[in-house]
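Let's take a walk through a protein model together. Have the sequence and the 3D view open, and we'll go one stop at a time.

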Amino acid sequence: MRAGGPRASGRAPAVELEHIGKKFGDVVALGDVSLAVEDGEFVCFLGPSGCGKTTLLRIVAGLETQNAGVVRMRGVDVSALPPSRRDYGIVFQSYALFPNLTAARNIAYGLETRGWDRARIDARVDELLELVHLAPHKQRFPSQLSGGEQQRVALARALAPSPSLLLLDEPLSALDARVRAALRQEIKAVQRRVGVTTVMVTHDQEEALAMADRIVVMNHGAVEQVGTPADVYMEPRSLFVARFVGQMNVLPGQADARAGWARVGAVALRHRGDRTMAPGTPVTLAIRPEEVRLGHAARGADNGVLARITAVQFLGAFTRLTLALPGVAAPLECDVAAGALGDAGVREGEELPLALPPAALRVFP
Amino acid sequence: MSPRAVRAADLPDRTIRRRRDAEAIVSAVLIAAFAAFLVLFVLYPMLTVLARSLQDGQGRFVGLANYARYFASPAIAASVTNSLAVAITTTVITVTLAFAYAYALTRTAMPWRGAFRLIALLPLFAPSLVQGIAFVYVFGNNGLLTRWTGVNVGIYGFKGIVAAETFYCFPHAMLLLVAALGAADARLYDAANALGASRVKRFVTVTLPGAKFGLMSACVVVFTTVITDFGIPKVIGGKYSVMATEIYNQVIGQQNFTMGATVSVVLLVPAALAMVVDRLVQRRQQALVAASSVPLRPARARLRDAALFAYTALVAAAILGIYLVVLVSSLVRRWPYDFTPTVKHYAFDTVGGSTAIVNSVQAAALAAVAGTVLAFAGAYLVEKRPSLMSGPLYALAVLPVSIPGMVLGLAYIFTFNAPGSPLNLLYGTLALLAISHLVHYFTVPFLTATTALKQMDRELEHVSASLGVPFYRTFWRITVPVALPSIVAISMYLFLNAMVTLSAAVFLVAPGTELAAVAVLLMDDAGDTAQAAAMSVLIIAVGLGVRLVYALVMRGVTRRTQAWTTAARG
């Protein structure tokens, strides 16, 4: 399996993983993972807990040793090197700041062993404090900083020695929602400015979509899909990816005799698959809530169905309707922008015409 | 693209080989050094004792013959039942008394709780036999009360041992019970009150179950302390033989090392069993303590507080009385006949002179410094530099807590006084005494250090590795400063215990390396009871002085570290 992106030039990728296998006792954490991270790229390892994403990051960092496979950095095999010889900076979920050092001394920590003179270290520390907007907090100890501030110090500390690779291990998971959203943008901005190749592990698909240049979706120790956020969202290659990234309605059905058609409950729907399947083969159709067309937009469109509204949730900017298709047990959710439908017709128990555009109706075996 | 499922068998069992860099070599050398220390001073000596118990006097293997002989001779076998009788009786009495005392300190609003707590800690600063000597001074054949009242209570034997051990073990039990009762959750009492439970019912259904694990720990500690103690039965036991004195008699009295080894192995069993029980109990306790409990604030209850105040004052007075007896008897011409004040007993003109106290301070300081370094660095290597050795090293480091001091001392004789062994260089040196102290008390410092290290984020090491900083630099710049309070506490624990320990040292002292605690024993043996009392007073004074210095050091450490430990946001 070669899931890496195409090589733009003859230069070796920043990180290259080949056939990585890792087990803990009898439990396989990573099966056979290969991928490449290009220079300057921001790549996210995304997946549910236990999918192996953190183990993979730790193998890149040298904090875990693989049972099989090769890790290369800029074309050099680093598999046998200890973490201290691998040239990367790392940020952990727990911040892991040195509690007895001030913000400035934390950032300077990695520079002091490099034999830099005091003035050069001070200049570099100031530059980084500026970069993460913490210059006024220079002399504070970690316990005197908020969670978000601590994580920015950790980021500055990781970047201080100008590593060729930045590793982020769930850096935002310990923060509350508002801080998380702000820091998401800040990390991305810093990464753009510095241009450092970055690998981030996260279980939060929204975070991955917002930050990554490319997303590596993982499940059960294997890579399910590698692609840009738009790719992964719009063209999920497996049902797992479809359900894990974003909201997705899943409708179980059977292949119809006509190619490109399937039966779901009492209705026949045209989908975007084109493979001919034996009639009756179980298939799963999937459509995102925002792709379902309702009311006027549904009139005269393909795959029109009359559905019953079973629940209405007001969520501020939009309203989420839960609908029952005739003869289908699985609920269908769809989002309606505020005011798009008017008040008419969106009450529980009412029937509503809707359409499932064939181009949006993905099919999985 | 559905990835092929990989099974565990498809992957090689070995991980990719790491290249060994300088750091890995430093780490491996340090781990090997720690392992060598534990093997040489813990594992090998203990195996030697075990081996000797299976040999006859000429070193021939005789299987379990020594054990058969041991249990066949009624006089010796009685020491087993005597030891158990003394240990169980003392445990019941001490834990009951200490529970009431701890309850008064933690659950009432009575005055002087701080002072009562300090007074109860006094026995920690004296060798065990000092309480024995004090009881002899008061109730012995020439005791103060015996003379005044003309009634001889027959203190020598079971009664005397139990009474003296009760005082000696009191602070250990009290500290554990104060911790257990102090950690109460006020919400449980609120709930009991809301349900209309009576005072007795609250005590039985809330207080006792809450202190259950503390009570069990206190029982284990008292039982083990008593069954392994040598000093008290030696000075007050008379003809009542217990296992610890039996080892001493076999080895020192009859030069029968084989039988000494045999009794030692037998003595290991109850002590080791008690420790296993304690470990299991503590593991369950950790799961029981809720993070979100609300601390209990004792309310005033006039009658209860008055009754408990009277009780606490009585116990505190008894403890103070013991030490007053020792102090006074060291400062009068001839207790209890001539109460003219004098300081002549402090001249120490018989056994070893005053070198003993100097030696004791030196050995204790050496044990404190070397033991703190070994316990902290050892715990660091086990906890933060994981290797194949981590498990075995941990097991060896926690082993000493279940080795009675007598057994350790005998093991060191076998190991460091073996004919033709290069290890003999250590025999008869103050260094070996310091090592025996620090090994005897190694487990608690090691576990304290382990706990302190576990509280530090394990990613700190990973971050410093990623920054290219060698682990030993981060150890020195981050780990040690952050753990400084624990390090100071460890060194104090080692120093104070080394000052008062007797059981291992009694086998290892040699001319020139007399220790104060052993001198007390020898002076008492020789009938120089006033000098024994004077030496005891010196030991206690050194202990209290050092404790005071540590309190000041700790205050300095707290002031230096509070900048980064307080969560105050500016």
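Start where the chains meet: 38 residues of chain B are in contact with 41 residues of chain A, where contact means that the C-beta atoms of two residues, placed from the backbone, lie within 7 Å. Before going on, know that this is a predicted model, in which local features need pLDDT of at least 70, side-chain atom pairs count only at pLDDT 80 or more, and totals for chains, interfaces and linings use all residues. Residues are numbered from 1 along each chain as its sequence is written, while chains are lettered from A and ligands numbered from 1 in the order in which they are written.

Now look at another helix of chain B, H17 (residues 405-416): its twelve residues reach 16 Å from first C-alpha to last, close to the 16 Å expected at 1.5 Å a residue (1.5 Å times one less than the number of residues). Twelve of its twelve residues are buried, so H17(B) is largely enclosed by the rest of the structure. Buried means 20 or more other C-beta atoms within 10 Å of a residue's own, with C-beta atoms placed from the backbone. Among the buried ones are B:Gly405, B:Tyr412 and B:Phe416.

Finally, hop over to chain A, which is assigned domain 1 (15-243) and domain 2 (247-364); such bounds come from an automatic or database domain assignment. Their C-alpha centres lie 39 Å apart, and the contact takes four residues from domain 1 of chain A and six residues from domain 2 of chain A.

Key:
Helices (H or I, at least four residues) and strands (E, at least two) are DSSP runs, numbered from the N terminus.
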